[in-house]
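Hi,

Here is the structure I said I would pass on.

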Amino acid sequence: MRFLLKSASFIFHPLWLPLAGSFLYFIFTPRFFPEGVVQAKLLAIAILTIFIPIVFYFLLKNLGKAQSVFLVDVNERKWPLIFYAILITMVLNQILNAYNYAALYYYFTGILFATILAFVLVVFQLKASLHMMGLGGLLVFLIGISLNFKIDLTYTISFLILALGLTASSRIYYKAHSINELVLGLACGMITQVLVLNLWL
């Protein structure tokens, strides 16, 4: 059980979730996308949302500005959140557009708003769970896809709810967050996605 809880924090780390949402979008959306285009988009998104942030994290760690990949200390989150917001902005400006990839474009817009909101909370010394923020946002995104395209995603959504509960249990078990911080993170992720949902539904 301890292994399962520890694994959940890594498997459902917020860094993977934008790419996961993009992958699920191309799988479930009943639209034709050339395979080469899908591969290029996913690779570009992976580079900007996973590989570059990981390199930036190791830079911060070498400078003594970050001690853990989970950014436990609230003060460690300022630069990573600012940098991540810049990278998400690059995804929106250079990789996606609202005409051809409306749902995915606004999903990343919601991620950007959530990242900025998380940064504002950090300024006030409030630590929202980024795990819950990412999973909550992805959950709303999938519900939106299900409603918009009339697709039955019951099993996928159920799995995500299970993953959300498991990850929350993991964060509490390892004392990485309080319940209030988990709820705050979940609210940040879900509310920002709900706000942009009306723009593409």
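Below is what I found, feature by feature.

First, the ground rules. This is a predicted model, so I kept local features to pLDDT of at least 70 and side-chain atom pairs to pLDDT 80 or more, while totals for chains, interfaces and linings use all residues. Numbering starts from 1 along each chain as its sequence is written, and side-chain values use heavy atoms, with hydrogens and water left out.

Let's start with the aromatics. Rings of Phe, Tyr and Trp (its six-membered ring) count as a pair if their centres lie within 6.5 Å; planes under 30 degrees apart are stacked, over 60 edge-to-face, and the rest tilted. That rule gives 12 aromatic pairs. In one of them, Tyr25 and Phe33, the ring centres are 5.9 Å apart and the planes sit at 45°, so the pair is tilted. Phe33 also pairs with Tyr101, this time stacked, at 5.5 Å centre to centre and 20° between the planes. (Helices here are DSSP runs of H or I, at least four residues, numbered from the N terminus.) Tyr25, Phe26, Phe33 and Tyr101 make up one aromatic cluster. As for burial (buried is under 20% relative accessible area, exposed over 50%, partly exposed in between, with a 1.4 Å probe and protein chains only), Tyr25 is buried at 1% and Phe33 at 11%. Tyr101 is buried too.

The loop between α2 and α3 also holds Pro30, which is exposed at 56% relative accessibility. Pro30 and Phe149 are 119 residues apart in sequence, yet 7.3 Å apart in space, C-alpha to C-alpha. Beyond four places in sequence, Pro30 has contacts with Phe149 and Ile151, a contact being heavy atoms within 4.5 Å.

Most residues other than glycine have a negative phi. Gln125, however, has a positive phi of about 60°; Gln125 is in the loop between α5 and α6 (130-149) and is partly exposed, at 45%. Lys150 has a positive phi as well, near 55°. Lys150 belongs to the loop between α6 and α7 and is exposed at 71% relative accessibility.

Now the helices. Helix α8 (residues 179-200) has 22 residues and spans 32 Å from first C-alpha to last, close to the 32 Å expected (1.5 Å times one less than the number of residues). Its buried residues, including Leu182, Gly185, Cys188 and Trp200, pack against α5, α6 and α7. Over in α7 (residues 154-173) sits Thr167, which is buried with a relative accessible area of 0%. Setting aside neighbours within four places in sequence, Thr167 touches Ala8, Phe12, His131, Met132 and Leu135.

And on the outside, which residues form a nonpolar patch on the surface? They are Phe113, Ile116, Leu117, Val120, Val123, Phe124 and Leu126, with about 620 Å² of accessible area together. Areas are Shrake-Rupley with a 1.4 Å probe, and only the protein chains shown count as cover. For a nonpolar patch, I joined side chains of Val, Leu, Ile, Met, Phe, Trp or Tyr within 5 Å, using residues with over 30% relative accessible area and no salt bridge (a side-chain nitrogen of Lys or Arg within 4 Å of a carboxyl oxygen of Asp or Glu). Val123, one of the patch members, lies in α5 (residues 102-123) and is partly exposed at 45%.

Cheers

Notes: Helix = DSSP H or I, 4+ residues; strand = E, 2+ residues; numbered from the N terminus. Patch = residues over 30% accessible without salt bridge, like charges linked within 9 Å, V, L, I, M, F, W, Y side chains within 5 Å.
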